[in-house]
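Subject: A structure for you to look at

Dear colleague,

I am passing on a structure that I would like you to read through with the model open beside this message. My notes on what was found in it follow directly below.

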Amino acid sequence: MKSSILFLFLTALLLRRAPTAVSVTCNPSELSSCAGAILTSAPPTAACCAKLKEQRPCLCEYRKNPNLKGYINSDNSKKVSKSCGVPIPSC
């Protein structure tokens with residue numbers, strides 16, 4: 001009986017500490033806080049950098065989208081990315 005309780009306790013402890021993957025929903029409108037920086041060369045805001053980091057797994061998808069690739073590949077976008085410490089991946 002004691003060994004069963006110990007086993008359940010250890011299992012619960014291990015499951016609690018197990019890393020979980022964070023799923024990102026790719027939504028380019030999430031990057032709207034970066035529009036000013038990308039369109040006007042203004043410095044990116046903290047909100048922009050946070051969203052850029054959050055949406056990083058989606059950048060290849062955005063680069064392949066004909067409606068978005070001009071923004072993602074622009075010089076200002078590269079400056080924003082560099083300023084935020086989020087490299088644009090080569091896809």
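Please begin with a caution about residues 2–21, where pLDDT stays under 50 and where the model has 0 contacts beyond four places in sequence. What you have is a predicted model, and where pLDDT is low, the predicted coordinates should not be read in detail. Confidence in the protein chain is lowest in α1, with a mean of 39, and highest in α3, with a mean of 97. Taken over the protein chain, the mean pLDDT is 80, and 76% of the residues reach 70 or more.

If you consider the contacts with a separation of 6 or more, 67% of them are between residues 24 or more positions apart.

Next, the interior. In soluble globular proteins, nonpolar side chains tend to be buried together. The largest nonpolar core in this model has 15 residues, and those with the most contacts inside it are Leu 52, Leu 59, Tyr 62, Val 80, Cys 84 and Val 86. At least two residues of this core come from each of α2 (35–40), α3 (46–54), α4 (59–64) and α6 (75–84), and α3 gives the most, with 3 residues.

Which residues of α6 are buried? They are Asn 76, Ser 77, Val 80, Ser 81 and Cys 84, and because they fall within an arc of 140° when seen down the axis of α6, they line one face of the helix. Just after α6, Gly 85 takes a positive phi of about 75°.

Finally, the cysteines. A disulfide is a covalent bond between the sulfur atoms of two cysteines, and this structure holds 4 disulfides. When the bonded cysteines of the protein chain are numbered in sequence order, the pairing is 1-5, 2-3, 4-7, 6-8. I describe some of these links below.

How do the two ends compare in accessibility? Cys 26 counts as partly exposed, at 31% relative accessibility, and Cys 58 counts as buried, at 0%.

Another disulfide is formed by Cys 49 and Cys 84, whose sulfur atoms are 2.0 Å apart. Since Cys 49 lies in helix α3 and Cys 84 in helix α6, this pair ties together parts that are 35 residues apart in sequence. The link is left-handed, with -70° about the S-S bond. Cys 49 is buried, with a relative accessible area of 14%, and Cys 84 is buried as well, with a relative accessible area of 5%. Leaving aside residues up to four places away in sequence, Cys 84 touches Pro 44, Cys 49, Leu 52 and Lys 53.

Cys 60 and Cys 91 also form a disulfide, with their sulfur atoms 1.9 Å apart. This pair links distant parts of the chain, with Cys 60 in helix α4 and Cys 91 in the segment after α6, 31 residues apart. The torsion about the S-S bond of Cys 60 and Cys 91 is about -85°, so this disulfide is left-handed. Cys 60 counts as partly exposed, at 22% relative accessibility, whereas Cys 91 is exposed, with a relative accessible area of 53%.

With kind regards

Conventions. Residues are numbered from 1 along each chain as its sequence is written. Side-chain values use heavy atoms; hydrogens and water are left out. Contact means heavy atoms within 4.5 Å. A nonpolar core is a set of buried Ala, Val, Leu, Ile, Met, Phe, Trp, Tyr and Cys residues joined through side-chain atoms within 4.5 Å. Buried means under 20% relative accessible area, exposed over 50%, partly exposed in between (1.4 Å probe, protein chains only). Helices (H or I, at least four residues) and strands (E, at least two) are DSSP runs, numbered from the N terminus. The arc is that of the directions from the helix axis to the C-beta atoms. A disulfide is a pair of cysteine sulfur atoms within 2.5 Å. pLDDT is the predictor's confidence in each residue, from 0 to 100.
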